[in-house]
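Try each task before reading its solution.

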Amino acid sequence: APFDNLDARRAVAFAFDRRAVARALGGGDLARPTCQLLPPGFPGFHPYCPFTASGTATGRPDLATARRLVERSGTRGARVVVQSFDILNPSVPEVMVRTLRRLGYRASLSVLPGADHFESLSDPSKRVQVGVSPWLADFPSPTTFFDLFACKSTNASQFCDRKTDRLVAEAKQIQVTDPGRAQALWSSAERRLVDQAPLVAAYNFSNADLVGERVGNYQFNWVWGSPLGGRLLDQFWVR
């Protein structure tokens, strides 16, 4: 509570300023706003953002819609603790705190050591209301993201939507034999998940690599486009 209520979750998604987070992290050279679970370049990715006035992730927050949803949810005035961890740029959770206050919630910030933060996120008994959770793809399949919200997993959001699970299961089953159909299923599953708002997606990392003048055939893999790297060194040549 209060985010066991769909209207309350969607209100936060409408009010959250993704552009402010991206700017705080360095802007377009380092972070790009997103409304989505899947990052660009993944199977099933199609640009989708139902939570801004313009329908794009770089659009302005829609505070009017957000406040109507809060009123309809009956959760205005609830106390909400936003939990973060000590090595994260504080601007990210601070934007969430400001968002919640604009919606009429009595919001505060709790910063824990990283190990304690992630342990409590994965423990349903801790009842974390809002928590920051960065995620990097472990392998080039949408399952590395969807499995975080599966009914059978101990997911930090405590979210369960069996229709989304069925779409994901079917996509997994036919990914090799019918990749076109699988792409459509991944996309449908993501749109349903975004609409249910168990998370407020904020940004995708963006990398910039510096190479020497003698380097050619630079290639980059979107899947590993994170602070851990993405350049395909075995494709480079040096003159």
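**Exercise 1.** At what angle do helix H1 and helix H3 pack, and how far apart are their axes?

*Solution.* Keep in mind that this is a predicted model.
- Step one: find H1 at residues 6-15 and H3 at residues 63-73.
- Step two: the two helices pack at about 165 degrees, and their axes are 8 Å apart.
- Step three: angles over 145 degrees count as roughly antiparallel, so H1 and H3 are roughly antiparallel to each other.
- Step four: as for handedness, H1 and H3 cross in a left-handed way.

**Exercise 2.** How many aromatic pairs does the structure hold? Work out the geometry of the one formed by phenylalanine 14 and phenylalanine 51.

*Solution.* 
- Step one: the count is 7 aromatic pairs.
- Step two: for phenylalanine 14 and phenylalanine 51, the ring centres are 5.2 Å apart and the planes sit at 85 degrees.
- Step three: planes over 60 degrees apart count as edge-to-face, so that's the label for this pair.
- Step four: phenylalanine 14 belongs to helix H1, while phenylalanine 51 is in the loop between strand S1 (31-33) and H3, so the pair ties together parts 37 residues apart in sequence.
- Step five: buried means under 20% relative accessible area. Phenylalanine 14, at 8%, is therefore buried, and phenylalanine 51, at 1%, is buried too.

**Exercise 3.** Is the pair of phenylalanine 146 and tryptophan 186 stacked or edge-to-face?

*Solution.* 
- Step one: the centres lie 5.7 Å apart, with 15 degrees between the planes.
- Step two: under 30 degrees counts as stacked, so phenylalanine 146 and tryptophan 186 are a stacked pair.
- Step three: phenylalanine 146 lies in helix H6 (residues 143-146) and tryptophan 186 in helix H8 (residues 179-196), so parts 40 residues apart in sequence get tied together.
- Step four: both phenylalanine 146 and tryptophan 186 are buried.

**Exercise 4.** Is arginine 68 buried or exposed?

*Solution.* 
- Step one: look for arginine 68 in helix H3.
- Step two: its relative accessible area is 55%, so arginine 68 is exposed.
- Step three: for a distance check, arginine 68 and alanine 11 are 57 residues apart in sequence, with 8.0 Å from C-alpha to C-alpha.

Note on methods
Residues numbered from 1 in each chain as written. Predicted model: local features only at pLDDT ≥ 70, side-chain atom pairs only at ≥ 80, totals over all residues. Heavy atoms only, no water. Axes fitted to C-alpha atoms, helices over the stretch in contact; angles between N-to-C directions. Helix = DSSP H or I, 4+ residues; strand = E, 2+ residues; numbered from the N terminus. Parallel < 35°, antiparallel > 145°, perpendicular 65-115°, else oblique. Left-handed = near helix turned anticlockwise from the far one by under 90°. Phe/Tyr/Trp six-rings, centres within 6.5 Å; stacked < 30°, edge-to-face > 60°. Buried < 20%, exposed > 50% of the residue type's maximum accessible area, 1.4 Å probe, protein only.
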